[in-house]
Amino acid sequence: MPDTAYFRGLSEAYSAHNYHPLPVVVTEAQGAWVTDVAGNRYLDMLSAYGAVNFGHRHPRLIAAAKRQLDRVTLVSRAFDHDQFGPFMRELAQLCGKDMVLPMNSGAEAVETALKTARKWGYEVKGVPADEAVIITFQGNFHGRTTTIVSFSDDPVARNSFGPFTPGFRTVPYGDIEALRAAVDDRTVAVLLEPIQGEAGVNVPPSGFLTAVRRLCTAAGILMIDDEIQAGLGRTGATFAADHENVVPDIYLLGKALGGGIVPVSAVVADADILGVFRPGQHGSTFGGNPLACAVGREVVAMLRTGEFQDRARELGAHLHARLGALPDVKAVTGRGLWAGLQLDGDARRVSERLLTRGVLAKETHGTIIRLAPPLVIDRDEIDTALEQLAAAMAERDR
């Protein structure tokens, strides 16, 4: 087989440089481990930013995909198929809502929610046409489409992509008084991440989500909860908002919903919200395709047992206790099997040194290492990863 340099050379030559990957070329994966083209094994502490919550190639998910591959994979929404209705029902029930609007990527789910909130605002709340305002938070990451970067404050994601879409107002994350002051009679929704992943696994102050829920209810506006990274077991609960017993008006789901096999995302809400759509007003050729629905149904079935939520909660406590004991870490943030380590130095260098030690992790915002191992990882594997992390950090300091 050609070596790492060969494959990386092809990537550099023929792929747009919109990513800066670590120098590894993966060829196989199973559970919490991946193998590169040279046969080296690595412990995966990123799990595709949470898309591989259930581990690489989980047998139940692979079996569901193979069964469906032998039957039908795509008919478009021009026709129904036998996996669509059951998946909509099962996902709606998992969320405690009435309806699902399926899409593919997380950004598509966010865009769909923005359209939903605006349409609901005009047709149900009575906001004057084209004057709806959606409130977002500093440090947010909801995707990279033109509209989404319009309310980003990350210069890397935003610069050189204007002109930007109007209709958004941004306030400091975790500041309920700033949010309260920003709400007016044109406000239709608040869009938030219950934990900001790209910002460094940033957990808001205790009680913030509860306060947002109360404010939205009192103001008659929608609370949109972006659980695309935080949800589906990652934090030790099905949804990160569950830690404050908060139920939003709209759930946004993605990443792990596709089981690490296919892109699946969804907007989930009650009928008085998603019911504003009529045929032709929104859609996706691939959204809700048979293969995606078959895999998504198995993901929902696995979450219903509570096994993965329990693992994330129990092993997460061990992970955070160990991280808190590491020297030269300015702060540890996160919840469950999700953590951000604020370092004094260059987190990219630490990630590169971890790679040479057989552990995959990735930096964010220059000085933060983000850890999000598959929920199938065990305690010994966590300890192995953290021993190598400590060694990589010490090596950095020499």
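How many nonpolar, polar and charged residues are there in the lining of the second largest pocket? Keep that in mind, and remember as you read that this is a predicted model.

1. Let's start with the answer. The lining of the second largest pocket has 10 nonpolar, 7 polar and 2 charged residues. That lining is made of 19 residues, and those nearest the pocket's centre are Arg77, Val100, Leu101, Phe277 and His282. The space inside comes to about 440 Å³.

2. Strand 4 (99-103) and helix 3 (84-95) each give at least two residues to the lining. Strand 4 has the largest share, with 5 residues.

3. Next, the interior. In soluble globular proteins, nonpolar side chains tend to be buried together. Here the largest nonpolar core has 58 residues, and the members that touch the most others are Leu91, Leu257, Leu323, Leu341, Leu371 and Leu389. Helix 10 (residues 290-304) provides the largest share of this core, 8 residues. There is also a second, separate core of 29 residues, with Met103, Ala113, Trp120 and Leu274 among them.

4. On to the aromatic rings: a search of the whole structure turns up 7 aromatic pairs. One of them joins tyrosine 6 and phenylalanine 7, whose ring centres are 5.2 Å apart; their planes sit at 80°, so the pair is edge-to-face. Tyrosine 6 is partly exposed because its relative accessibility is 42%. Phenylalanine 7 is partly exposed too, with a relative accessible area of 26%.

5. Which kind of pair do phenylalanine 137 and phenylalanine 208 form? Theirs is edge-to-face, at 5.7 Å centre to centre and with 80° between the planes. This pair ties together distant parts of the chain: phenylalanine 137 belongs to strand 5 (residues 133-137), phenylalanine 208 belongs to helix 8 (residues 208-219), and the two are 71 residues apart.

6. If you look around them, you'll find Tyr173: ring pairs link Phe137, Tyr173 and Phe208 into a cluster.

Conventions. Residues are numbered from 1 along each chain as its sequence is written. This is a predicted model: local features need pLDDT of at least 70, side-chain atom pairs count only at pLDDT 80 or more; totals for chains, interfaces and linings use all residues. Side-chain values use heavy atoms; hydrogens and water are left out. A nonpolar core is a set of buried Ala, Val, Leu, Ile, Met, Phe, Trp, Tyr and Cys residues joined through side-chain atoms within 4.5 Å. Buried means under 20% relative accessible area, exposed over 50%, partly exposed in between (1.4 Å probe, protein chains only). Helices (H or I, at least four residues) and strands (E, at least two) are DSSP runs, numbered from the N terminus. On a 1 Å grid over the protein atoms alone, a cavity is a set of points where a 1.4 Å probe fits but cannot get out, and a pocket is an open set with protein on both sides within 12 Å along at least five of seven lines; lining residues have an atom within 4 Å of a point. Grid points are joined across faces, edges and corners, and a volume is the space filled by probe spheres set on the points. Ala, Val, Leu, Ile, Met, Phe, Trp, Tyr, Cys and Pro count as nonpolar, Asp, Glu, Lys and Arg as charged, and the others, Gly among them, as polar. Rings of Phe, Tyr and Trp (its six-membered ring) pair if their centres lie within 6.5 Å; planes under 30 degrees apart count as stacked, over 60 as edge-to-face and the rest as tilted.
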